[in-house]
Amino acid sequence: MVHSPVFKQNGNVTADVVVIGSGAVGAMIAHQLASAGHSVVILEAGRRFKRSEFVERWRNMPFYNRVHNDFQGLYPQSDLAPAPLYFPPNNYVGLNGPNGSAYQQGYLRTVGGTTWHWAASCWRHLPVDFRMHSTYGVGRDWPISYEDIEPYYCRAEEEMGVSGPHDVALQSPSERSRPYPRDMIPFGYADKRVAEIVNPHGFNLVPIPQGRSIAPYEERPACCGNNNCQPICPIGAMYSGIQHVEKAEVAGAVTLDQAVVYKFDTDERNRITAAYWYDAERKSHKIEARAFVAACNGIETPRLMLLAANERNPNGLANSSDQVGRNMMDHSGVHATFLANEPLWFGRGPAQSSCIVGARSGDFRSKYSANKMILNNISRVGPATEQALALGLVGQELDDEIRRRAARGVDLSISLEPLPDPNNRLTLSATRKDPLGLACPDIHYDVGDYVREGVQAVKDQVAQIAALLGGTEVKVTTDFNANNHIMGGCIMGENNKDSVVDGWCRTHDHFNLWLPGGAAMCSASVVNTTLSMVALGLRAADSIQKAFQNGEI
Ligand SMILES: Cc1cc2nc3c(=O)[nH]c(=O)nc-3n(C[C@H](O)[C@H](O)[C@H](O)COP(=O)(O)OP(=O)(O)OC[C@H]3O[C@@H](n4cnc5c(N)ncnc54)[C@H](O)[C@@H]3O)c2cc1C
Ligand code: SF4
């Protein structure tokens, strides 16, 4: 039987489960628990819009913003719950430290979360990524193994309708108990041609597993390959958290948007008894529940735990270890660009298509970072136009140069692996507050020597690849860029001496509070992380289910 949340006249609510955050992680947990018959309320800080409204805003976006990847700007934010903006910057997240600018993350505060404008690459960590310390003597081991999470990877792939290679030789990793739900999206011309040229020289180019398909999947239409995934898939062929918000609602969950959670009550056993949120009129409301889940992403989850400090938990919720906000990670990366000596025509098909993964692992990891190189498949027409205009060309010459550069332009988006470092830390700003008067996040970031030393290997590999493709104008960026894979702020471990949550993302300090998603991750690997985050979310949902069944909550 499906239970429904009970709403009182003053706007307060009671439910079995409250899920804070409606991104892919939170929405999928809400869907699992509502489908199991629990009454579920999703509290989401951001506003709710239709896809068509985002598409319309994208159509009206200036050329400059498009070419410079203004993925945030077309998603209107709630007046009370800002997301980071960069055109112009709103300084919502304060960055400092040796590589503060490398941590300039994009994320949305909108019903459905950040996967509205992701690229839908759905990677698994390698088995060895869970044993970094015992294998390579660096970083941390997870308290769970690849085998523990593998069934959840399968479920996550199923829920997100992932297309990946059935051919084992093209899988990374190949340790799988089930095939991908859909076979890989076929290589485009550029993927085929680059593979043909570089693979015989020891490089390993594989298809990117992705949350889209060439045939319809459930309610989703087939991907028609017109390359608009970032910042919005106009037709909804690409997986997004909004799909699980809607599924959760069909299963009985209730979503409240513009609901900014800011504090919790705890009882004498340090159990969470209620969460409080501000509505769009700044009125505070209370929700009482038996299980609480904060799936607010890797920055907002630790921020919320710190904001929620109370008398019993003066350093913040779940923070007896003093690890909340520490070990912040992202795939700090660089870009390599060059012009190939033949037309390759990147930019046909989805935004990400294939990737060079040979340097994903190996004994060198005891000394320096692994890397992966995405053959960025975003159309090169924008950058080619800027470059051709900068040459002062006009008329036919301008057209010809745009065509030459768009056809031959190669952009390798390269990710490196930071190690968890407690000094890479999110704290609450002493000076900057959001419109609700809640402290904004500050983040200190240093990519670390492990990453810095990994860059030399990247440069050597880029030089080889560019030479094989007859590259000219070869450039590798010198500043690290962010990759929006926010990890580490509520790290997982065996106990509350050095970690925040256990292997089920359940906090050590509060037996009815779960913090699933990126914040819990112990190693970054080099691959995009949302599939891992969602797999952790599904594990957390199972753990909540068990806690209900065992009468623990
Ligand atoms: C441009 C871009 C491209 C990307 N491409 C990829 C990719 O190809 N592959 C990949 O694996 N990853 C990619 N990512 C990362 C991916 O989008 C995130 O890992 C993923 O969205 C995280 O999901 P989540 O549910 O944890 O958080 P989010 O999707 O960020 O959702 C968290 C939600 O919590 C809400 N919230 C926060 N605080 C509160 C509060 N106090 N009260 C109530 N609600 C709150 C927020 O409003 C938000 O809606 C990309 C990211 C960006 C920006
Ligand atoms: S290529 Fe087009 S249809 Fe396919 S996911 Fe991207 S935007 Fe959507």
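Analyst: Val260 has Tyr278 as its bridge partner in β11. The coordinates are a predicted model, in which local features need pLDDT of at least 70, side-chain atom pairs count only at pLDDT 80 or more, and totals for chains, interfaces and linings use all residues. Residues are numbered from 1 along each chain as its sequence is written, chains are lettered from A and ligands numbered from 1 in the order in which they are written, and side-chain values use heavy atoms, with hydrogens and water left out.

The strand that carries Tyr278, β11 (residues 272-278), is joined to β10 by six bridges, and the two run antiparallel. Strands here are DSSP runs of E with at least two residues, helices are runs of H or I with at least four, and both are numbered from the N terminus; two strands pair if DSSP finds at least two bridges between them. Both β10 and β11 belong to an open sheet of five strands with mixed pairing, ordered β1-β2-β12-β11-β10. Because β1 (6-7) and β10 (260-266) each have a single partner strand, they stand at the edges of this sheet, and one side of each is left without a neighbour in it.

A further open sheet has three strands in the order β5-β19-β18, again with mixed pairing. Its edge strands, β5 (94-96) and β18 (426-433), each pair on one side only. On average, and with direction ignored, neighbouring strands of this sheet are turned by 35 degrees against each other. Such angles run from 0 to 180 degrees between N-to-C directions, the axes being lines fitted to C-alpha atoms, for helices over the stretch in contact.

Strand β5 is connected to β19 (residues 439-444) through three bridges, and this pair runs parallel. Within β19, His444 is the bridge partner of Asn96. Helix α8 (residues 300-307) packs on the sheet and touches β18 and β19, with its direction at about 70 degrees to that of β18; contact means heavy atoms within 4.5 Å.

Although Asn297 is not a glycine, its phi is positive, at about 90 degrees.

The loop between α3 (63-67) and β5 holds Pro88. Pro88 is joined to Phe87 by a cis peptide bond, with omega about 0 degrees. Another cis peptide bond links Gln230 and Pro231, where omega is about 20 degrees. Pro231 is placed in the loop between β8 (205-207) and α7 (241-250).
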